[in-house]
Amino acid sequence: MAQVQTISHFKVSVWCNTYNQAFYIKDTMDGFCMQQTSFPFVCLIMDDASTDGEPEIIKQYLNDHFDTEWTKETEDYHLTLVRHQENKNCYFAVYLLKYNHYSIKKPRLKYYRELTDEIDYVALCEGDDYWTDAHKLQKQADALDANPQATLVYTNFQAIDGEGNPISRPFIKDYPGRSHSGDNLPTLLRYGNYIMVLTSMYRYKVWKSESFANCSIKMDFALTLSAALMGDFIWLPEQTGCYRILESGITRTSQRRGENWLHDIYRYYAGLVMNGQCKPLSFGQRINLTTLILIRALKKKDRQLKKDTLSASKLAPLLLPVAYIKLKSERLKDRINRLNN
């Protein structure tokens, strides 16, 4: 219990999952250490029993740049809390898991919460991405401090390949255009997730929310939708980091499974919206969101989503023809754009 009290004063916790990122993890840790803040923050780095030498790289990095505060060992992990030798506001809490949790579907979220259950904000960055703005955490914490109704703040980013070269990909080229401050729930229900993990900072209450706790799939899209159900977003247009697209990444090797998960997440949160389990909505907002969900069901040929939506609201059957017309209009615009290009 004393160890938990030792780090309860942190304002921001950075959560970093990593596995077999030996070539990239140093860039990630450099991005953490460069952060200039007026408050102490802790970076929780969780290596899921990597086999490529990443744990050794992390250990050496700690030896070179940090002083050890304390260590802890369980049957599941070895944990070390350290403080940066020069940046005194920067702490690392490094979990070296003793066996691969992902392969046996063992949750790791509880390990994070053991240490930082009283923090204000959580920022995310995976072990192959990295930050380039030394004031990212400060800017985002300031924005959330100044806007109590906001649940998430996010920024622009640069996509790069495995060698660090800037690249462009069709599935992310429109993200900046969709990004905005205010109510992001309609945009998420229309386009899916366009907010990159490495750019985000959430209020910790989003992680503890009932909507996220009851979602069976703990992906970032679920967390972002929970944040959108609870409040507004803040968009900072400057680039604060680099998102690395790797051909061998889990998104590509498990694409079909990932798409199924995203569909399941969408159905779950659409159900919450239709049943009123979200922030207060005006009549116009309910019409808009119901129409967007119906368009999604028609576009994806998702019979279950269509059935659930129609049965959840007396308004939905009246909006179904509207959804058909809007979907046809969208498809016509897409064809025209393809011909013009």
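Author: Let us begin with pockets. A pocket is an open set of grid points with protein on both sides within 12 Å along at least five of seven lines, and its lining residues have an atom within 4 Å of a point. Please bear in mind that this is a predicted model.

Reader: Which residues line the second largest pocket?

Author: In general, rolling a probe the size of a water molecule over the atoms shows where empty space is left. Here the lining of the second largest pocket consists of Ala297, Leu298, Lys301, Asp302, Arg303, Lys306, Tyr324, Leu327, Lys328 and Arg331. The space within this pocket is about 160 Å³. Helix H13 (283–299), helix H14 (303–312) and helix H15 (315–340) each give two or more residues to the lining. The largest share comes from H15, with four residues.

Reader: How many residues of this lining are nonpolar, polar and charged?

Author: Four are nonpolar and six are charged, while no polar residue takes part.

Reader: Where is Lys301 found, and is Lys301 buried or exposed?

Author: Lys301 belongs to the loop between H13 and H14. Its relative accessibility is 71%, so Lys301 counts as exposed.

Reader: What is to be noted about the phi of Lys301?

Author: Most residues other than glycine have a negative phi. The phi of Lys301 is positive, near 55 degrees. Lys105 also has a positive phi, near 60 degrees. Lys105 sits in the loop between strand E5 (90–97) and helix H4 (109–115), and with a relative accessible area of 75% it is exposed.

Reader: Let us turn to the sheet. In what order do the ten strands stand?

Author: Strands of a sheet pair through backbone hydrogen bonds, either parallel or antiparallel. In this model the ten strands form an open sheet of mixed pairing, in the order E3-E4-E5-E2-E1-E6-E9-E8-E10-E7. Strand E3 (66–73) and strand E7 (130–131) each have a single partner strand, so one side of each lacks a neighbour in the sheet.

Reader: Which strands pair with E1, and in what sense?

Author: E1 pairs with strand E2 (residues 41–47) in the parallel sense over seven bridges. Within that pairing, Ser13 has Val42 of E2 as its bridge partner. Between the two strands the chain passes through helix H2 (residues 25–33), and this β-α-β crossover is right-handed. E1 is also joined to strand E6 (residues 121–124) by four bridges, again running parallel; there, Trp15 has Leu124 of E6 as its bridge partner.

Reader: How many residues of strand E1 are buried?

Author: Six of the seven residues of strand E1 (residues 12–18) are buried, so "buried" here stands for under 20% relative accessible area.

Reader: In what sense does E6 run with strand E9?

Author: E6 and strand E9 (residues 201–203) run antiparallel and are joined by three bridges. Tyr121 stands opposite Arg203 in E9.

Reader: Finally, how many disulfides are counted?

Author: The test is a pair of cysteine sulfur atoms within 2.5 Å, and by this rule the count is zero. For Cys215, the nearest cysteine sulfur is that of Cys278, 15 Å away. Cys215 is buried, with a relative accessible area of 2%. For Cys242, the nearest cysteine sulfur is that of Cys125, at 10 Å. Cys242 is buried as well, with a relative accessible area of 8%.

Note on methods
Residues are numbered from 1 along each chain as its sequence is written. This is a predicted model: local features need pLDDT of at least 70, side-chain atom pairs count only at pLDDT 80 or more; totals for chains, interfaces and linings use all residues. Side-chain values use heavy atoms; hydrogens and water are left out. Buried means under 20% relative accessible area, exposed over 50%, partly exposed in between (1.4 Å probe, protein chains only). Two strands pair if DSSP finds at least two bridges between them. A crossover is right-handed if, with the strands pointing away from the viewer, the path from the first strand over the helix to the second runs clockwise. On a 1 Å grid over the protein atoms alone, a cavity is a set of points where a 1.4 Å probe fits but cannot get out, and a pocket is an open set with protein on both sides within 12 Å along at least five of seven lines; lining residues have an atom within 4 Å of a point. Grid points are joined across faces, edges and corners, and a volume is the space filled by probe spheres set on the points. Ala, Val, Leu, Ile, Met, Phe, Trp, Tyr, Cys and Pro count as nonpolar, Asp, Glu, Lys and Arg as charged, and the others, Gly among them, as polar.
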